[in-house]
Amino acid sequence: MSKPAAATPPSPLRAFWLKWRFHINVLLLLVPLGFMPKYFADAALFRGDTGLGERVVGDVQVGPWSLKLAEFRNEGPRPDPAGPMKSFNAALCATCAEQVKATYLRIGKPRSLRAAGVIFFGTPYRMGAALPIPERTPVDAELWVTMEGWDGTMHQGSVPLSQASPATIAWLNKQGVKP
Amino acid sequence: MTLMRLTRACGVLLLSAGFSTVALAHNPMCECKEIPGEQIQCTGGFSDGSGAPGVTLDVIGYDETILLPGKLGQDSTLTFKKPAAEFYVLFDAGPGHVVEIDQADIQPQ
């Protein structure tokens, strides 16, 4: 024998909500606006409108060839199941695009062509590679670029990691170099 | 009720859109450890969680001679006897898709 609840007048706040809730929802349309600056900045970066990457390192001479190296993002390595990864972009020099078959990137001098590091993929004008950064990387490490030509020749060049990515050095210092 | 469900579905969709960039690449990964009997066991795989059965894993000396050419088994592992000479392990899933593990990085048991 339950009595229906007496109709108490709703509180002013609730009355406001009941009256305007559908109009207020229109404000949700404004939410995406907050994300737009980041969205357009990312879109321009991915498309290459803002250059090769967030921070251009400069030219690296590799034997007779050269490439323009850039950090994709001006930040330390990103975590990955395969360990911390740092993304680099590169563009081959105008004359070497036709001659170079493959470009590799590695921390420290490669032991052999087989172990030359990660390979750059993409067009010669805008290639990308995700480089694993070992936790024990010394802060004075060198970044080695290995290039393999269609004629079978192989050339190597290097750039100090501190020059290639100060953000990675800062990240390593923060981590503390492991023994 | 339907509205609740719709809201939840939208939430899940937004979240997955946010995390989708994390799973773009699948990088090679390899781990080696020493097991009893002077043996070393290496496990290969890719960062998207897939295994690497049949992928080449060579044990190479510091002088670049291949001490033990091998392939990972169906369980993505390979066990071999610890070489006497200085060596490193090369997990080779193709050009530019390699993982090097130096003997110094193999944890003793």
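**Interfaces and strand pairing in the predicted model**

In this predicted model, 14 residues of chain A are in contact with 21 residues of chain B. About 1,400 Å² is buried between chain A and chain B. Carbon and sulfur atoms give 44% of that area. On the side of chain A, the residues that lose the most area to chain B are A:Pro81, A:Arg111 and A:Arg114. Together they account for 48% of what that side buries.

Charged pairs were then counted across the two chains. There are 6 salt bridges between chain A and chain B. One joins the side chains of A:Arg114 and B:Asp58, with 2.9 Å from N to O. Between chain A and chain B, 7 residue pairs are in polar contact, both residues of each pair being at pLDDT 80 or more. Two elements of chain A give two or more residues to the side that touches chain B: strand E4 (100–107) and strand E5 (118–119). By class, the residues of that side divide into 7 nonpolar, 2 polar and 5 charged.

Strands E4 and E5 also belong to a sheet. In chain A, 4 strands form an open sheet in the order E5-E4-E8-E9, and the pairing is antiparallel. E5 and E9 of chain A stand at the edges with a single partner strand each, so one side of each has no neighbour in the sheet. In general, the strands of a sheet pair through backbone hydrogen bonds. E4(A) and E8(A) are joined by 7 bridges and run antiparallel. Within this pair, A:Val100 stands opposite A:Gly149 in E8(A).

Strand E8 (residues 142–149) and strand E9 (residues 154–160) of chain A run antiparallel and are joined by 7 bridges. A:Val145 has A:Gly157 in E9(A) as its bridge partner. The hairpin of E8(A) and E9(A) has 4 residues between the strands. In this hairpin, A:Gly152 takes a positive phi near 90 degrees.

A further hairpin is formed by E1 and E2 of chain A. Strand E1 (residues 55–62) and strand E2 (residues 65–71) of chain A pair over 7 bridges in the antiparallel sense. A:Gly58 stands opposite A:Leu69 in E2(A). The hairpin of E1(A) and E2(A) has 2 residues between the strands. Here A:Gly63 takes a positive phi, near 60 degrees.

Chain A was also examined by domain. The domain assignment gives domain 1 (11–49) and domain 2 (53–174). Their C-alpha centres lie 40 Å apart. Across the domain interface of chain A, 4 residues of domain 1 are in contact with 5 residues of domain 2. The area buried between these two domains is about 390 Å². Carbon and sulfur atoms give 56% of it.

The interface of domain 1 and domain 2 of chain A holds 1 salt bridge. A salt bridge also links the side chains of A:Arg73 and A:Asp42, at 3.1 Å from N to O. Between the two domains of chain A, 3 residue pairs are in polar contact, with both residues at pLDDT 80 or more. The side of domain 1 that touches domain 2 has 2 nonpolar, 1 polar and 1 charged residues.

Definitions and conventions
Residues numbered from 1 in each chain as written. Chains lettered and ligands numbered in written order. Predicted model: local features only at pLDDT ≥ 70, side-chain atom pairs only at ≥ 80, totals over all residues. Heavy atoms only, no water. Contact = heavy atoms within 4.5 Å. Buried area = accessible area lost by both parts, 1.4 Å probe. Salt bridge = Lys/Arg side-chain N within 4 Å of Asp/Glu carboxyl O. Polar contact = N/O pair within 3.5 Å; in protein donor to acceptor, adjacent residues only side chain to side chain. Nonpolar A, V, L, I, M, F, W, Y, C, P; charged D, E, K, R; others polar. Pairing = 2+ DSSP bridges. Domains from an automatic or database assignment.
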